[in-house]
Amino acid sequence: MSEDKAPVNAEVLDRLYATVQARKGADPETSYTAKLFHRGTAKIAQKVGEEAVETVIEAVRGDTAAMASESADLLYHLMVLWADAGLEPAAVWEKLAQREGTSGIAEKKARKA
Ligand SMILES: N=c1c2ncn([C@@H]3O[C@H](COP(=O)(O)OP(=O)(O)OP(=O)(O)O)[C@@H](O)[C@H]3O)c2ncn1[C@@H]1O[C@H](COP(=O)(O)O)[C@@H](O)[C@H]1O
């Protein structure tokens with residue numbers, strides 16, 4: 001791998017979010033992200049729902065390559081939804097970090113107690 005190439009790992013999400021943010025106010029004719037912002041929250045939310053459904057369809061079909069592609073579409077549209085709402089990825093990463101080490105079963109029991 002070349003030295004100057006950005007690493008392909010979860011940091012790609014932070015870079016993607018920065019790109020998405022930078023597209024606010026861009027030309028909807030040349031930027032798909034700007035086009036989504038222009039179409040509004042309901043349309044962006046609809047796209048997130050569609051991509052989520054396409055992802056789970058590929059999971060049930062057992063096509064992991066198609067699932068990876070649909071998952072990328074889903075994450076991209078989710079980033080656009082976050083940016084539209086003014087939600088920073090760091091707030092989500094923090095939630096996940098807070099949950100580290102807590103079993104989902106134990107958490108659910110504590111909620112019901
Ligand atoms: N990661 C993505 C990404 N993933 C998917 N898509 C686009 O999402 C669209 C989804 O296709 P669909 O057929 O579901 O959508 P559609 O038919 O156009 O929309 P509707 O008719 O459903 O309204 C396709 O046009 C894909 O190219 C993306 N578009 C952009 N990005 C990232 O965003 C950056 C900025 O893109 P622009 O804003 O276009 O410059 C790019 O460099 C990428 O890093």
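Good morning. Let me begin with a definition: the axes I shall speak of are lines fitted to C-alpha atoms, for helices over the stretch in contact. The model before you is a predicted one.

I turn to the pairing of helix α1, residues 11-22, with helix α4, residues 64-85. These two pack at an angle of about 55°, and their axes are 9 Å apart. The helices are therefore oblique to each other, and α1 passes α4 in a right-handed crossing. On the α1 side, the contact is made by L13, L16, Y17, V20 and Q21; on the α4 side, by L75, Y76, M79, V80 and A83. Nine of these residues are nonpolar, one is polar and none is charged.

Next, helix α3, residues 41-61, which also packs against α4, at an angle of about 160° with the axes 8 Å apart. An angle over 145 degrees counts as roughly antiparallel, and so α3 is roughly antiparallel to α4. Here the crossing is left-handed. Among the residues in this contact are I44, V48 and E51 of α3, with L74, H77 and L81 of α4. By class, the contact has eleven nonpolar, four polar and seven charged residues.

Which residues make up the largest nonpolar core? They are eleven in all: Y17, V20, L36, F37, I44, L74, Y76, L78, M79, V80 and A83.

Apart from neighbours within four places in sequence, L74 is in contact with V48, E51, A52 and T55. Thank you.

Technical notes. Residues are numbered from 1 along each chain as its sequence is written. This is a predicted model: local features need pLDDT of at least 70, side-chain atom pairs count only at pLDDT 80 or more; totals for chains, interfaces and linings use all residues. Axes are lines fitted to C-alpha atoms, for helices over the stretch in contact, and angles run from 0 to 180 degrees between N-to-C directions. Helices (H or I, at least four residues) and strands (E, at least two) are DSSP runs, numbered from the N terminus. Angles under 35 degrees count as roughly parallel, over 145 as roughly antiparallel, 65 to 115 as roughly perpendicular and the rest as oblique. A crossing is left-handed if the near helix is turned anticlockwise from the far one by less than a right angle, and right-handed if clockwise. Two residues are in contact if their C-beta atoms, placed from the backbone, lie within 7 Å. Ala, Val, Leu, Ile, Met, Phe, Trp, Tyr, Cys and Pro count as nonpolar, Asp, Glu, Lys and Arg as charged, and the others, Gly among them, as polar. A nonpolar core is a set of buried Ala, Val, Leu, Ile, Met, Phe, Trp, Tyr and Cys residues joined through C-beta atoms within 7 Å. A residue is buried if 20 or more other C-beta atoms lie within 10 Å of its own, exposed if 12 or fewer, and partly exposed in between; C-beta atoms are placed from the backbone.
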